[in-house]
Protein chains: 2
Amino acid sequence: MNEPGQQIGADGENVIYIGKKPTMNYVLAVVTQFNSGVQEVAIKARGNSISKAVDVKEIVVNRFLPTLKEKSIRTSSEDLANEDGTHSKVSAIHIVLVK
Amino acid sequence: MNEPGQQIGADGENVIYIGKKPTMNYVLAVVTQFNSGVQEVAIKARGNSISKAVDVKEIVVNRFLPTLKEKSIRTSSEDLANEDGTHSKVSAIHIVLVK
C-alpha cells in the first residue's frame with residue numbers, strides 16, 4: 001500500500017497520480033493494482049507530467065497487460081492557486097484502464 | 001500556409017504537429033485552420049510534446065472556440081530508428097477536434 005502516487009478516489013476509484021518519480025515506478029504501481037484484483041485503474045497527471053502518464057499507459061498495455069482495455073481518456077483545465085494569490089490554469093489528463 | 005507544424009494528411013485531414021515552438025503558435029495555427037472553414041483539425045505530438053498538445057487543445061477550446069467538440073483522443077507507441085541502428089519506443093497522442 002506504499003506504491004508511488006497510489007490513492008483511492010472518493011468514489012472508490014483506484015487512482016495513480018503521476019509525479020516526478022521514474023516512469024517505471026508508476027508502471028509497476030498500475031500493474032500491481034491490477035494483479036491485486038482491481039478491475040479499473042485511473043492514471044492522472046497535470047502539466048509536464050502528462051507525457052509521462054501517456055508513457056505509463058503505453059508501457060502497461062504494450063509490455064505487461066495487453067488484454068487491458070482503454071475505457072476513457074479525458075483532458076481538462078484545472079485552476080491552481082499560486083502562493084501570491086493569483087491563479088494559473090494547468091492542463092490535466094485522466095486515463096482509465098479496465099480489465 | 002506557413003503556420004507552425006501545419007500539414008495536410010494523406011486522407012485530407014488537417015494536422016497540426018506540436019514541436020518546440022511556443023504553445024500559442026500552435027493555438028493560433030489551430031484557430032486559423034477552423035476560421036478558414038475547415039471542419040476538423042487533428043493535433044499530433046510525440047514524447048515530451050504530448051503535454052503541450054493537451055495545453056493547445058485546452059486553450060483552443062476554453063479560450064477561443066468553445067463550441068468545438070472533441071471527436072477523439074488516442075494514444076499510441078511509435079518506433080523510432082536511432083542513428084546507431086537501434087530502435088526506441090516513443091509515446092504519441094492524436095487529438096481530433098471538430099466544429
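The following dialogue explains how to read several features of this predicted model.

Visitor: What conventions apply to this model?

Guide: Residues are numbered from 1 along each chain as its sequence is written, while chains are lettered from A and ligands numbered from 1 in the order in which they are written. This is a predicted model in which local features need pLDDT of at least 70, side-chain atom pairs count only at pLDDT 80 or more, and totals for chains, interfaces and linings use all residues; side-chain values use heavy atoms, with hydrogens and water left out.

Visitor: Which elements make up chain A, and in what order do the elements run?

Guide: Elements are DSSP runs numbered from the N terminus: helices (H or I) of at least four residues and strands (E) of at least two. Chain A has 2 helices and 5 strands, and the order from the N terminus is β-β-α-β-α-β-β.

Visitor: How many residues of each chain are in contact across the interface of chain A and chain B?

Guide: Contact means heavy atoms within 4.5 Å. In this model 18 residues of chain A are in contact with 18 residues of chain B. Buried area is the accessible area (1.4 Å probe) that two parts lose on being put together, summed over both. For chain A and chain B this is about 1,200 Å², with 49% of it on carbon and sulfur atoms.

Visitor: What polar contacts does the rule find there?

Guide: A polar contact is a pair of N or O atoms within 3.5 Å; within protein, one must be able to donate a hydrogen and the other to accept it, and residues adjacent in sequence count only if both atoms are side-chain atoms. The rule finds 17 residue pairs in polar contact across the interface of chain A and chain B, both residues being at pLDDT 80 or more. On the chain A side, helix H2 (50-64), strand E4 (69-81) and strand E5 (87-98) each supply at least two residues. H2(A) gives the most, with 7 residues.

Visitor: What relation superposes chain A on chain B?

Guide: Copies are superposed by least squares on the C-alpha atoms of residues with pLDDT of at least 70 in both. A rotation of 180° with 0.0 Å of shift along its axis superposes chain A on chain B, with an RMSD of 0.0 Å. That is the relation of a two-fold axis. Of the residues of chain A, Ser51(A) comes closest to the rotation axis, its C-alpha lying at 2.7 Å. The copies meet through the same surface, because 100% of the interface residues of chain A are also interface residues in chain B.

Visitor: Where are salt bridges found, and which residues form them?

Guide: A salt bridge is a side-chain nitrogen of Lys or Arg within 4 Å of a carboxyl oxygen of Asp or Glu. The whole structure holds 8 salt bridges over all chains, while the count between chain A and chain B is 0. One of them joins Glu78(A) to Arg46(A), with the closest N and O atoms 2.7 Å apart. This pair links distant parts of the chain, Glu78(A) in strand E4 and Arg46(A) in strand E3 (residues 40-46), 32 residues apart. Lys57(A), Glu58(A) and Glu70(A) are linked in a network of salt bridges.

Visitor: Is Lys57(A) buried or exposed?

Guide: Buried means under 20% relative accessible area, exposed over 50%, and partly exposed in between (1.4 Å probe, protein chains only). Lys57(A) counts as buried because its relative accessibility is 6%. By contrast, Glu78(A) is partly exposed at 28%, as is Arg46(A) at 41%.
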